[in-house]
Amino acid sequence: MANTVLICKQSIIEEMTHYYKSTLSEKKPPGSVFIAKPTGCTVTAYKSGKVLFQGANGEIEARRWGDGTSASTNAPKEQPTHLPKGFAQLSVIGSDEVGTGDFFGPITVVSAYVKKEQMALLKELGVKDSKNIKDEQIIEIAKQLIVTIPYSLLVLHNEKYNGLQANGMTQGKMKALLHNKAILNLLNKISPEKPEAILIDQFVEKNTYYKHIAGQKNIQRENVFFSTKGESVHLSVAAASIIARYAFLKEFDKLSEKAGVSLPKGAGKQVDIAAAKIIQSDGIDHLKSMTKWHFANSEKAINLARR
């Protein structure tokens, strides 16, 4: 399998460290800054400035960072060449997901419809890439968004997630199925109006996406586009991301109540410690119902609980 290597400025590597914080590995190769394991990929950044992307989604993940030369999130983004001219000004359904790298908490997928006439309002509300907004702000913005624009929300809880995963379904396929369903739900909601385009924040290649959903009765293909960093390409994806994050946070709060403790997000060391405490107090089955069980955190938590 081919590897992708970028030569990155230090500022980009710092941005990557923040971006991948929920999937960072504790073990680092000599001379490295970090090693992260997002879905279907391993990302290794070196002090030399080289960043290595390995795995099935390595090429796609590398595209998130362009050529690695500019880290400014406020700089104008060059529109991907495969999108129609003036795409950012079209009335578009955007689709994004949250929670895929979190051990605790579900996956939330949202499709949101933003018409060109609403863009000024959404910018005024503060809609932008959710990774650059604190959770407190996301909650406030999302509360306004959900009464302003049409959207479709799907929540894949971990008990269902674990069942699908145990039966051989990849997380990528789960996400593809959820995106397709959310988009169809929203198209039905806004009918007979039709968006000028549909943009999915890209997590797999287009052909792989359609292979994942090939067995579905209804598949949306018309005017569907894919782009990495979709939040910077169209406000609809940014809006979808904010609503998805808001829904994730609400579900996360419910889980914390169920666990009896404030649960940490992501998949780092603090997550292992919290999970071990749950095993000690309520048992492995209780923990399993709240987590993506195939994550490495499960084994780490069991080992900690036994000490």
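In helix 10, the residues Val271, Asp272, Ile273, Ala275, Ala276, Ile279 and Gln280 meet Asn297, Lys300, Ala301, Ile302, Leu304 and Ala305 of helix 12. The structure described here is a predicted model. Two packed helices are described by the angle between their axes and the distance between the axes. For helix 10 (residues 269-282) and helix 12 (residues 297-306), the axes come within 8 Å and cross at roughly 60 degrees. Helix 10 is therefore oblique to helix 12, since angles of 65 to 115 degrees would count as roughly perpendicular and angles under 35 degrees as roughly parallel. The crossing of helix 10 and helix 12 is right-handed.

An open sheet is formed by 4 strands in the order 1-4-3-2, with antiparallel pairing. Strand 1 (4-7) and strand 2 (32-36) are the edge strands, each of which pairs on one side only. On average, and with direction ignored, neighbouring strands of this sheet are turned by 15 degrees against each other. Between strand 1 and strand 4 (residues 50-54), the antiparallel pairing extends over 4 bridges. Within this pairing, valine 5 stands opposite leucine 52 in strand 4. Helix 1 (residues 10-19) packs on the sheet and touches strand 2, strand 3 (42-46) and strand 4. The direction of helix 1 makes about 35 degrees with that of strand 2.

Strand 5 (residues 92-98) is largely enclosed by the rest of the structure, because 7 of its 7 residues are buried, that is, under 20% relative accessible area. The side chains are divided between two directions: Val92, Gly94, Asp96 and Val98 point one way from strand 5, whereas Ile93, Ser95 and Glu97 point the other way. Burial applies to both groups. Strand 5 is joined to strand 6 by 7 bridges, and these strands run antiparallel. Strand 5 is also joined to strand 8, by 4 bridges, and here the strands run parallel. Isoleucine 93 takes part in both pairings: this residue stands opposite tyrosine 113 in strand 6, and its bridge partner in strand 8 is isoleucine 198.

The structure holds 5 salt bridges. One of them is formed by lysine 115 and glutamate 193, whose closest N and O atoms are 4.0 Å apart. This pair links distant parts of the chain, the two residues being 78 residues apart. Lysine 115 is located in the loop between strand 6 (107-114) and helix 3 (119-125), and glutamate 193 in the loop between helix 6 (171-190) and strand 8 (197-201). Lysine 115 counts as partly exposed because its relative accessibility is 26%. Glutamate 193, at 33% relative accessibility, likewise counts as partly exposed.

A salt bridge also connects lysine 116 with glutamate 196, with the closest N and O atoms 3.2 Å apart. Lysine 116 lies in the loop between strand 6 and helix 3, and glutamate 196 in the loop between helix 6 and strand 8, so this pair ties together parts that are 80 residues apart in sequence. Lysine 116 has a relative accessible area of 38% and is therefore partly exposed. Glutamate 196 is partly exposed as well, with a relative accessible area of 35%.

Glutamate 251 counts as buried, because its relative accessibility is 15%, whereas lysine 254 is exposed, with a relative accessible area of 52%.

Helix 9 also contains lysine 250. With a relative accessibility of 45%, lysine 250 counts as partly exposed. From C-alpha to C-alpha, lysine 250 and glycine 105 are 9.7 Å apart in space, although 145 residues separate them in sequence.

Methods. Residues are numbered from 1 along each chain as its sequence is written. This is a predicted model: local features need pLDDT of at least 70, side-chain atom pairs count only at pLDDT 80 or more; totals for chains, interfaces and linings use all residues. Side-chain values use heavy atoms; hydrogens and water are left out. A salt bridge is a side-chain nitrogen of Lys or Arg within 4 Å of a carboxyl oxygen of Asp or Glu. Buried means under 20% relative accessible area, exposed over 50%, partly exposed in between (1.4 Å probe, protein chains only). Two strands pair if DSSP finds at least two bridges between them. Axes are lines fitted to C-alpha atoms, for helices over the stretch in contact, and angles run from 0 to 180 degrees between N-to-C directions. Contact means heavy atoms within 4.5 Å. Angles under 35 degrees count as roughly parallel, over 145 as roughly antiparallel, 65 to 115 as roughly perpendicular and the rest as oblique. A crossing is left-handed if the near helix is turned anticlockwise from the far one by less than a right angle, and right-handed if clockwise.
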